[in-house]
Amino acid sequence: AGGMPGRGMPPPMEAANEVKLFVGNLPESCTQEQLTQLMEPFGQITHMHMMTNPTSSGAICAFVEYATNGQARAAIEGLHLKHTVEPRQSAMTVQFARSKGGRSGPGPQQFERPGQGGGQWGY
């Protein structure tokens, strides 16, 4: 409701007002409560969506939206490759959702329509 026009196709390096993060390499056992406890110290979470289908390595991912870009950046700086959620052996990844850091597919267009439910993220 009342979104900005043209929001689906930002210029490539446009992350100055980005608030949506892709969080990867979480264990299947990770709950929304656990993820909230991890992410909340960095700011006000406005939306969270856990993907429950694990990748071939057994990890799951999530999308987390913060109230402001500064909060999202703080979460990236505080958590990206710095925190491991047991029982995963490697650190979680935290990055802006439209970057090409996902596990699949042809780049940013898989993130174009945040409001369309969870079935078409390509994971």
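Trainee: What is the bridge partner of Phe22 in β4?
Mentor: The partner is Gln95. Before we go on, this is a predicted model, where local features need pLDDT of at least 70, side-chain atom pairs count only at pLDDT 80 or more, and totals for chains, interfaces and linings use all residues. Residues are numbered from 1 along each chain as its sequence is written, and side-chain values use heavy atoms, with hydrogens and water left out.

Trainee: And what counts as a strand, or as a pair of strands?
Mentor: Strands (E, at least two residues) and helices (H or I, at least four) are DSSP runs, numbered from the N terminus. Two strands pair if DSSP finds at least two bridges between them.

Trainee: How many bridges join β1 to β4?
Mentor: There are 4, and the two strands run antiparallel. β4 covers residues 93–96.

Trainee: What about β1 and β3?
Mentor: Those two pair over 6 bridges, also in the antiparallel sense. Strand β3 spans residues 59–66. Val23 stands opposite Ala62 there, and Phe22 stands opposite Phe63.

Trainee: In what order do the strands sit in the sheet?
Mentor: The order is β2-β3-β1-β4, in an open sheet of 4 strands with antiparallel pairing. β2 (45–51) and β4 stand at the edges with a single partner strand each, so one side of each has no neighbour in the sheet. From one strand to the next, the twist averages 20 degrees.

Trainee: Which strands does α1 touch?
Mentor: Helix α1, residues 32–39, packs on the sheet and touches β1, β2, β3 and β4. Contact means heavy atoms within 4.5 Å. The direction of α1 makes about 135 degrees with that of β2. For such angles, axes are lines fitted to C-alpha atoms, for helices over the stretch in contact, and the angles run from 0 to 180 degrees between N-to-C directions.

Trainee: And where does α2 lie?
Mentor: Helix α2 (residues 69–79) lies across β1, β3 and β4. It runs at about 150 degrees to β4.

Trainee: Back to β1. Is that strand buried or exposed?
Mentor: Buried: 8 of the 8 residues of β1 (residues 20–27) are, so the strand is largely enclosed by the rest of the structure. Buried means under 20% relative accessible area, exposed over 50%, and partly exposed in between, with a 1.4 Å probe and protein chains only.

Trainee: Which residues touch the most other members in the largest nonpolar core?
Mentor: Leu21, Val23, Leu26, Leu35, Met39, Met92 and Val94, out of 21 residues in that core. β1, α1, β2, β3, α2 and β4 each give two or more residues to this core. A nonpolar core is a set of buried Ala, Val, Leu, Ile, Met, Phe, Trp, Tyr and Cys residues joined through side-chain atoms within 4.5 Å.

Trainee: What does Val23 touch?
Mentor: Leaving out residues up to four places away in sequence, Val23 touches Leu35, Met39, Ile60, Cys61, Ala62, Val64, Met92, Thr93 and Val94.

Trainee: How many aromatic pairs are there?
Mentor: The count is 1. The rings of Phe22 and Phe63 have centres 5.7 Å apart and planes at 65 degrees, so the pair is edge-to-face. Rings of Phe, Tyr and Trp (its six-membered ring) pair if their centres lie within 6.5 Å; planes under 30 degrees apart count as stacked, over 60 as edge-to-face and the rest as tilted. Phe22 and Phe63 are 41 residues apart, in β1 and β3. Phe22 is buried at 2% relative accessibility, and Phe63 is buried at 2% too.

Trainee: Switching to cysteines. How many disulfides?
Mentor: The count is 0, where a disulfide is a pair of cysteine sulfur atoms within 2.5 Å. Cys30 is buried at 7%, and Cys61 is buried at 5% relative accessibility.

Trainee: Where is the cis peptide bond?
Mentor: It joins Glu86 and Pro87, with omega about 5 degrees. Pro87 sits in the loop between α2 and β4.

Trainee: Which residue in that loop has a positive phi?
Mentor: Leu81, which is in the loop between α2 and β4, has a phi of about 60 degrees although it is not a glycine. Leu81 is exposed, at 54% relative accessibility.

Trainee: And what is phi near for Asn25?
Mentor: It is near 65 degrees, a positive value in a residue other than glycine. Asn25 lies in β1 and is buried, at 6% relative accessibility.
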